[in-house]
Structures are given as structure tokens and as C-alpha cells.
Amino acid sequence: MKFRSKMAFLAIAVAASVGLAGCAGDVSPGSEGETLTIAALLDVSSFDPSLPVATQLVQYWQPVYDSLLRRTPDGELVPMLATEWSYDDTRTELTLTLRDDVHFSDGNVLDAAAVKENLDRLRENTPSSALTMETVEAPDPTTVIIHLSAPDPALLDALGGNLAGYIASPAAIAAGTIATDPVGSGPYTLDSSSSVAGSTYTFVKRDGYWDPSLQKYAKIVVKPITDSTATLNALLTGQVDAALLTAKTAAQAESAGFTRYAYPIDWEGLIIYDREGTMVSALGDVRVRQAINYAIDKQAILDQVRQGYGTVTSQVFAQGSDGFDSRLDNAYPYDPQKAMQLLSEAGYGDGFTISMPTVAGL
């Protein structure tokens, strides 16, 4: 999980994710007894929201956990557990005002002390380079003050459902069961009797939830399917109602009558953590890292691999977000000659070898 863009060194492109769902007549939210079944790219490794894990797991976490802020479909941050928020003049102190009418599904009150405990655990479990939160205060039941080591323009996004803002019950944390038996204040609860680890996770609507407008379905089922072809087949055969497909499988689903939703909030690129050159000495030279950017034909990748779904860029922030800077969009045009020049200047004119991991289903 990353909270600041300086952790990333982008080398490829921003890509629009492609979601496919049944036509409007097939899945209509709000009906009693209605079930929404979703195909997920990854299996959930833990329900503990303090762990730095892949953002794809929010499909498992959103039903059971409320976040401090909430992001609307058009990208706007709106109140959720926090009704108000403001920075001080230095933008290193963020004050949140919480709702006073929220309870966890175990009956315990969600207050500032609970939020502080969750944020403290997040700080403990997240690498220091990825998080600017230094200390968290809870001066009264409805006030949380977050002190930062430096201004962080990504913090509000993180608190708005990007993993950092999900709040779990302190009682479940203390019991040591939060990883497998999630307890939050969200609109749904995990039905363990109808769930099978690695196969099916069933969430049922929670009675007495403070915002019924967010309970669009009586039941939500999430099925981890890591193979893209299997995901497409599950959608086509009615095993799932919605799925995140690849650009190559999207066309087949659309031709079968499914509705496509494309949203430019994802990005694809190369993240180089070994910037000191500890594992691969060449990566310790900034000229080598710059050469990687110049050497990759982002437009060709977008056209051939992503079938044109997306926009070529040199930054991680999407247009319309607070961090977007149009001046950075073309910072690294495709220029193999420039790449070779930089490699030669760095002493790697004959190239170098690096091993890179891959992730199934992504």
C-alpha cells in the first residue's frame, strides 16, 4: 500500500479499468432478497484492515467496515464516519469530527478512541516510508487529530476507503479474531456459515445500520477467481453478476449483452523499491531509472495489451484528482536513443539483468 507518489517510479501508463455487469434488467439494487455476486481478482488473505495489502481486497472489506470518509462514484470525498475534517495552516495536523450515533456490529460504540486504535495499528503495520502519520490523538469521543511528519496530499484519499480509513471493532482486535472474523460498523456482516475460504464469501445486510441508503442489496457474495478466462466464463454463464475483466475479454462480454463500465482511476507502471541499488546496483543510478522510462513504448502497450482502454501518462495521479499535474503527463516520451545514452553515461551501455515478479490474475 502506498500513500505518497514518491514511492513509485512510473514507467508505463495509466489504464482505465474495465468492469462488466449484467444489463439493468438483470440486477436491480434494493430489492428484498436480491443478491449481488462479484468476481474478485484475488482471494482475501486477511480481514484485518491495519495490514498493508493489495487494494483489490476492498471488495471484501467495504461490506463490513465503514471508512472515515467516502468516495462517491464521481470521485468526490464526502462524509462517512467523519462528518467534518480540516487541516491547520501547516497542513501537518488533520482534525476529524466523528458521528456520535454509530455502533459496531458487536454492539460497541464507535468513537474517537476506536479510530485512534485503528490508525495506531495501521502506523505500526505500515512501512514508515509509506505513511506520514506520526501520532494520533483522541481528545474527546468525537474528535480525532492526526499529526503528520509532512504535508500529505494523498492522506484524505487514503482515509476515503483506500485501505487507511477502515475502522474495526477494538473488541474483535483484542480477541485476536479480526483477521478471520471481521467486525466493523459497515452495512453488512460476514456470514461464516455461508462462506468457504478461497471460494465464496457471503455478506448479509445488517439490521439497524445507520445509513440504509448504502445497503443496495440484501446479500453480497464475493468469489475469488484469479484466472481471466475463468472470470469471463463465470460472467457469461451467470455465476457472477459483475467482474473486472481484461481489455481482451471485455469485448466478448459486451457482445453477449453485458454493460461495460470504464473508470480511469487505476494506473499501471513499474514501481522500483530498490532505488539505493542494494539488490541490483544499476537501479541505484537515477540515469538508469530514467532510461527505463524512456525505453518503454507506453502507447504501444496501451494499444496492443490494453486495447486502447486508458491514457498514456508519466504520473500516477488521474486527471481530476488533487495530485494531477498536466505538466507531468509527457515527462518521459518514448525515446530509445535517449535511453541508450543514459545507460551508457551510467556505465551500462551493454545493459543489465533484473528479475521481476508477476502476480496471477492481474
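Reply: Leaving aside neighbours within four places in sequence, Gly161 is in contact with Val58, Ser67, Leu69 and Tyr166, where contact means heavy atoms within 4.5 Å. This is a predicted model, in which local features need pLDDT of at least 70 and side-chain atom pairs count only at pLDDT 80 or more, while totals for chains, interfaces and linings use all residues. Residues are numbered from 1 along each chain as its sequence is written, and side-chain values use heavy atoms, with hydrogens and water left out.

Gly161 sits in the loop between α3 (155-159) and α4 (170-175). Helices here are DSSP runs of H or I with at least four residues, strands are runs of E with at least two, and both are numbered from the N terminus. Gly161 counts as buried because its relative accessibility is 17%; the cut-offs are under 20% relative accessible area for buried, over 50% for exposed, and partly exposed in between, using a 1.4 Å probe and protein chains only. Arg71 is 90 residues away from Gly161 in sequence, yet their C-alpha atoms are 7.0 Å apart in space.

Now for the strands. β10 (residues 188-190) and β11 (residues 201-205) pair in the antiparallel sense over 3 bridges, and two strands pair if DSSP finds at least two bridges between them. Leu190 has Phe203 of β11 as its bridge partner. β11 also pairs with β12 (residues 219-224), again antiparallel, over 4 bridges. In that pairing, Tyr201 stands opposite Val222 of β12.

Thr200 belongs to the loop between β10 and β11, and it is buried, with a relative accessible area of 16%. Beyond its neighbours within four places in sequence, Thr200 is in contact with Ser194, Ser195, Val221, Val222, Lys223 and Pro224. Its side chain also makes a polar contact of 3.4 Å with the side chain of Ser199. A polar contact is a pair of N or O atoms within 3.5 Å; within protein, one must be able to donate a hydrogen and the other to accept it, and residues adjacent in sequence count only if both atoms are side-chain atoms.

Tyr201 brings us to the rings. The count comes to 6 aromatic pairs, taking rings of Phe, Tyr and Trp (its six-membered ring) with centres within 6.5 Å; planes under 30 degrees apart are stacked, over 60 edge-to-face, and the rest tilted. Phe47 and Tyr201 form an edge-to-face pair, because their ring centres are 6.2 Å apart and their planes at 70 degrees. Phe47 lies in the loop between β3 (35-40) and α1 (58-61) and Tyr201 in strand β11, so this pair ties together parts that are 154 residues apart in sequence.

Among the 9 salt bridges in the structure is one between the side chains of Asp48 and Arg121, at 2.8 Å from N to O. It links distant parts of the chain, with Asp48 in the loop between β3 and α1 and Arg121 in helix α2 (residues 112-125), 73 residues apart. A salt bridge here is a side-chain nitrogen of Lys or Arg within 4 Å of a carboxyl oxygen of Asp or Glu. Asp48 and Arg121 are both buried.

An α-helix has 3.6 residues a turn, so residues three or four places apart point the same way. Asp120 is buried at 13% relative accessibility, whereas Lys116 is partly exposed at 28%. Together with Arg123, Lys116 and Asp120 are linked in a network of salt bridges.
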